[in-house]
Amino acid sequence: VGGLPLELSVRGMARWAGDRLAVAVAAAETSVAGVRAEAEGQLGPDGLRLGLVLTEPAAGRIPSLLGLPPGETRIAAMLDGPPAGMALSAEARVGTGAEGRLSGRIALPAEGGLRASLDAVVAAAPLPGLPLPLAAALVADLPPQGPLRLSRASRAVQGAEAEAAGEIDLA
């Protein structure tokens, strides 16, 4: 990875019990202590629960691969709930140069398509001159047929906010 050798130890488990499937996978880099990736998920009649976590010590590779100052890295995400309204949360800190979080809801309606309501905050980024923190929000509906409908797309930084709404034809 990035011109450097990568040695992994991977362990996993899957279990089907009644109407529920549970899966867990953990990977650790054996050439650098403290590098771990873990994923756990459950799928059942009440929906999906999926969690992902990646951790890396300050001596890790991710910041340097992204051109960021060195430091600990932690990236975590969770998707939880029924298809009609899954909660989404994610947060990331990569080295000392990037930090942000995302939260909201994603729905997969029975008739098809996708609905999303998301909020994001970028607290640190390696972009000189970018005023921080930067907040963004999106409320969108992508029906199985027809244009993408944006109920709200906004960006706020240092007390100023820009907002848009409308339709985008993706055909």
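Q: Which side chains does E111 meet in a salt bridge?
A: A salt bridge pairs a side-chain nitrogen of Lys or Arg with a carboxyl oxygen of Asp or Glu within 4 Å. In this predicted model, the side chains of E111 and R115 form such a pair, with N to O at 3.3 Å.

Q: Is E111 buried or exposed, and how does R115 count?
A: E111 is classed as exposed because its relative accessibility is 53%, and exposed means over 50%. R115, at 38% relative accessibility, counts as partly exposed.

Q: Which residue forms a salt bridge with R115 at 3.7 Å?
A: That residue is D141, the distance being taken between the closest N and O atoms. This pair links distant parts of the chain, since D141 lies in strand 9 (residues 134-142) and R115 in strand 8 (residues 114-124), 26 residues apart.

Q: Is D141 buried or exposed?
A: Buried means under 20% relative accessible area; D141 therefore counts as buried, at 16% relative accessibility.

Q: With which side chain does D141 meet in a salt bridge of 2.8 Å?
A: The partner is R149, and the 2.8 Å is again an N to O distance. R149 is partly exposed, its relative accessible area being 33%. Through shared partners, salt bridges join E111, R115, D141 and R149 into one network. A search of the whole structure gives 10 salt bridges.

Q: Which residues make the nonpolar surface patch?
A: L6, L8, V10, V23 and V25 make the patch, which covers about 410 Å². Strand 1 (8-17) and strand 2 (20-29) are the elements that each give two or more residues to this patch. V25 belongs to strand 2 and is partly exposed, at a relative accessible area of 37%.

Technical notes:
Residues are numbered from 1 along each chain as its sequence is written. This is a predicted model: local features need pLDDT of at least 70, side-chain atom pairs count only at pLDDT 80 or more; totals for chains, interfaces and linings use all residues. Side-chain values use heavy atoms; hydrogens and water are left out. Patches are made of residues with over 30% relative accessible area and no salt bridge: like charges are joined within 9 Å, nonpolar side chains (Val, Leu, Ile, Met, Phe, Trp, Tyr) within 5 Å. Accessible areas come from the Shrake-Rupley method with a 1.4 Å probe; for residues, only the protein chains shown count as cover. Helices (H or I, at least four residues) and strands (E, at least two) are DSSP runs, numbered from the N terminus. Buried means under 20% relative accessible area, exposed over 50%, partly exposed in between (1.4 Å probe, protein chains only).
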